[in-house]
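Work through the exercises below with the sequence and the coordinates at hand. Each task is followed by a solution in steps.

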Amino acid sequence: MLIIIFYLLPNKAVAQIDEDKLGAWYMYFYNTTFKESRWGIQGDVQYRNWNMGGDLEQLLLRSGITYKPQNADIKITLGYAYITTGTYGSDNSTITENRIYEEFLYPVKFGKRFYTTHRFRYEQRFVENQDFRTRYRYNFFLNIPLNKVAMDKNTIYLALYDEIFINGQRDIGDGYTVEIFDRNRFYAAMGYMIKKGLKVQLGVMNQTTNNWSKNQLQISLHQTF
């Protein structure tokens, strides 16, 4: 309950968050398609910190079954995530969340160098000590290769995205409510294609809620196999 109150109090009450202190997220993303099939699996593991390491913000484990319809350049995912959320500072309290989600990925290439992807995600959230919740998310990704035209081996590229989160229900139980706007994330990074199906990115993501705004270093490994 303390963590719930922490996230719902107004700005002055959460001033203990050091918005100038850089946090860090360490992430691994995987994606595979079953041989000669339209089905596959994708997911990610993320260790998120309020600081560079040790002050847990979230540990997120997520995976889903994917399907690519015939004659349509989209990918549909039905997945599940398990999340442990920590509290800023010396308080080691955590809450857990079980989440089901549905996702649509729609890639679009502009010209020779602009690789974009639209991601729409709908989440059903079962958060500890809260009523059932839902959330809508839209993310626009943009990758731009710099030293080559295509995203091939040894390509250095610029990676950008912006994602907005919108809450479904405002009433989360015990008289507590949340705003319709949940948060926004803006990300800028440099990426490197190690080889086909394997790339790494290093960048900074700014996450903004109604109560605070904080920058997070992000190091991510992306693997398709």
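## Overall fold

The model is predicted. Of the 225 residues in the protein, 44% count as buried.

**Exercise 1.** Determine how many helices and strands the protein has, and how its radius of gyration compares with the globule rule.

*Solution.* 
- Step 1: the protein contains one helix and 13 strands.
- Step 2: in sequence order the pattern reads α-β-β-β-β-β-β-β-β-β-β-β-β-β.
- Step 3: along the principal axes, the C-alpha atoms fill a box of roughly 50 × 35 × 25 Å.
- Step 4: for contacts between residues at least 6 apart in sequence, 51% join residues at least 24 apart.

**Exercise 2.** Find which residues make up the largest nonpolar core, and which elements give two or more residues to it.

*Solution.* 
- Step 1: the core has ten residues, namely Trp25, Met27, Met151, Tyr157, Ala159, Tyr161, Tyr187, Ala189, Met193 and Met205.
- Step 2: strand E1 (23-33), strand E8 (156-167) and strand E11 (181-195) each give two or more residues to this core.
- Step 3: leaving aside residues up to four places away in sequence, Met193 touches Met151, Asp152, Lys153, Asn154, Thr155, Tyr157, Leu198 and Lys199.

**Exercise 3.** Decide whether Asp55 is buried or exposed, and list what Asp55 touches.

*Solution.* 
- Step 1: Asp55 sits in the loop between strand E2 (39-49) and strand E3 (56-67).
- Step 2: the relative accessible area of Asp55 is 13%, and buried means under 20%, so Asp55 is buried.
- Step 3: apart from residues up to four places away in sequence, Asp55 touches Arg48, Asn49, Trp50, Thr87, Tyr88 and Gly89.
- Step 4: Asp55 and Lys109 are 54 residues apart in sequence, with 39 Å from C-alpha to C-alpha.

**Exercise 4.** Decide whether Gln70 is buried or exposed.

*Solution.* 
- Step 1: Gln70 lies in the loop between E3 and strand E4 (75-86).
- Step 2: exposed means over 50%, and Gln70 has 57% relative accessibility, so Gln70 counts as exposed.
- Step 3: Gln70 and Arg38 are 32 residues apart along the chain, and their C-alpha atoms are separated by 8.0 Å.

Key:
Residues numbered from 1 in each chain as written. Predicted model: local features only at pLDDT ≥ 70, side-chain atom pairs only at ≥ 80, totals over all residues. Heavy atoms only, no water. Core = buried A, V, L, I, M, F, W, Y, C linked by side-chain atoms within 4.5 Å. Buried < 20%, exposed > 50% of the residue type's maximum accessible area, 1.4 Å probe, protein only. Helix = DSSP H or I, 4+ residues; strand = E, 2+ residues; numbered from the N terminus. Contact = heavy atoms within 4.5 Å. Rg over C-alpha atoms; globule rule 2.2 N^0.38 Å.
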